[in-house]
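Work through the exercises below with the model open. Try each task before you read its solution.

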Amino acid sequence: MNAAGFVFIALIFTPPARTYLIATLTLTPLVGFCLINSDYQQYAGLSGVLHGLFGWFALREALNGRRSSWLLVGGLVLKVGYETLFNPESPTQTLIDAPIAFEAHLYGALLGLTIALIRDQTRL
């Protein structure tokens, strides 16, 4: 499922391979670090990184003038906000037979959006 997410993000935003790799390698340890103090005994997925990549590339597009990407950013904020406030039961939990790490989604999205803002301000 996570592999499909990586492909989906690459197809939607079409980042250069080097940029995609740098973004993934940046977000992976940052999301892991954020989860150190969480209640999770172990975390095996990459959903937090996927949320970070989505936020990073969607906000980057929006800041570069693609107005429709603001809908993607807004959708991500609403999704993560809903998950954070209500911790809903998900059909995905049944499918993967494991709990969903909603905290990872929150941390990933916040990190991705923050990095996109910083990069836009500093033009790194």
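**Exercise 1. Aromatic pairs**

How many aromatic pairs does the structure hold? Classify the pair of Phe13 and Phe57.

Solution. 
- Start with the ground rules. This is a predicted model: local features need pLDDT of at least 70, side-chain atom pairs count only at pLDDT 80 or more, and totals for chains, interfaces and linings use all residues. Residues are numbered from 1 along each chain as its sequence is written, and side-chain values use heavy atoms, with hydrogens and water left out.
- Rings of Phe, Tyr and Trp (its six-membered ring) pair if their centres lie within 6.5 Å; planes under 30 degrees apart count as stacked, over 60 as edge-to-face and the rest as tilted.
- Count. The structure holds 6 aromatic pairs.
- Classify. Phe13 and Phe57 sit 6.1 Å centre to centre with 40° between the planes, so the pair is tilted.
- Phe13 belongs to helix H1 (residues 2–13) and Phe57 to helix H3 (residues 47–63), so the pair ties together parts that are 44 residues apart in sequence. Helices (H or I, at least four residues) and strands (E, at least two) are DSSP runs, numbered from the N terminus.
- Check burial. Buried means under 20% relative accessible area, exposed over 50%, partly exposed in between (1.4 Å probe, protein chains only). Phe13 and Phe57 are both buried.
- Extend the view. One aromatic cluster is formed by Phe6, Phe13, Tyr20, Phe54, Trp56 and Phe57.

**Exercise 2. The nonpolar core**

Which residues of the largest nonpolar core touch the most other members?

Solution. 
- Define the set. A nonpolar core is a set of buried Ala, Val, Leu, Ile, Met, Phe, Trp, Tyr and Cys residues joined through side-chain atoms within 4.5 Å.
- The largest core has 26 residues, and Ile9, Leu27, Leu53, Trp56 and Phe57 touch the most other members.
- Assign elements. H1, H2, H3, H4 and H6 each give two or more residues to this core. H3 supplies the largest share, 8 residues.
- Recall the background. In soluble globular proteins, nonpolar side chains tend to be buried together.

**Exercise 3. Salt bridges**

Solution. 
- Apply the cut-off. A salt bridge is a side-chain nitrogen of Lys or Arg within 4 Å of a carboxyl oxygen of Asp or Glu.
- Take Glu61 and Arg66. Their closest N and O atoms are 3.7 Å apart. Glu61 is buried at 13% relative accessible area, while Arg66 is partly exposed at 46%.
- Take Lys79 and Glu83. Here the closest N and O atoms are 2.3 Å apart. The two residues are 4 apart in helix H4, so about one helical turn separates them. Lys79 is partly exposed at 34% relative accessible area, but Glu83 is buried at 8%.

**Exercise 4. The second largest pocket**

Which residues line the second largest pocket?

Solution. 
- On a 1 Å grid over the protein atoms alone, a pocket is an open set of points where a 1.4 Å probe fits, with protein on both sides within 12 Å along at least five of seven lines; lining residues have an atom within 4 Å of a point.
- State the volume. The second largest pocket has about 150 Å³, a volume being the space filled by probe spheres set on the points, which are joined across faces, edges and corners.
- List the lining. The residues are Tyr40, Glu83, Thr84, Asn87, Gln93, Pro99, Ile100, Phe102, Glu103 and Leu106.
- Assign elements. Helix H4 (69–86) and helix H6 (102–122) give two or more residues to this lining. H6 gives the most, with 3 residues.
- Sort by type. The lining divides into 5 nonpolar, 3 polar and 2 charged residues. Ala, Val, Leu, Ile, Met, Phe, Trp, Tyr, Cys and Pro count as nonpolar, Asp, Glu, Lys and Arg as charged, and the others, Gly among them, as polar.
- Look at one lining residue. Phe102 lies in helix H6 and is buried at 10% relative accessibility.
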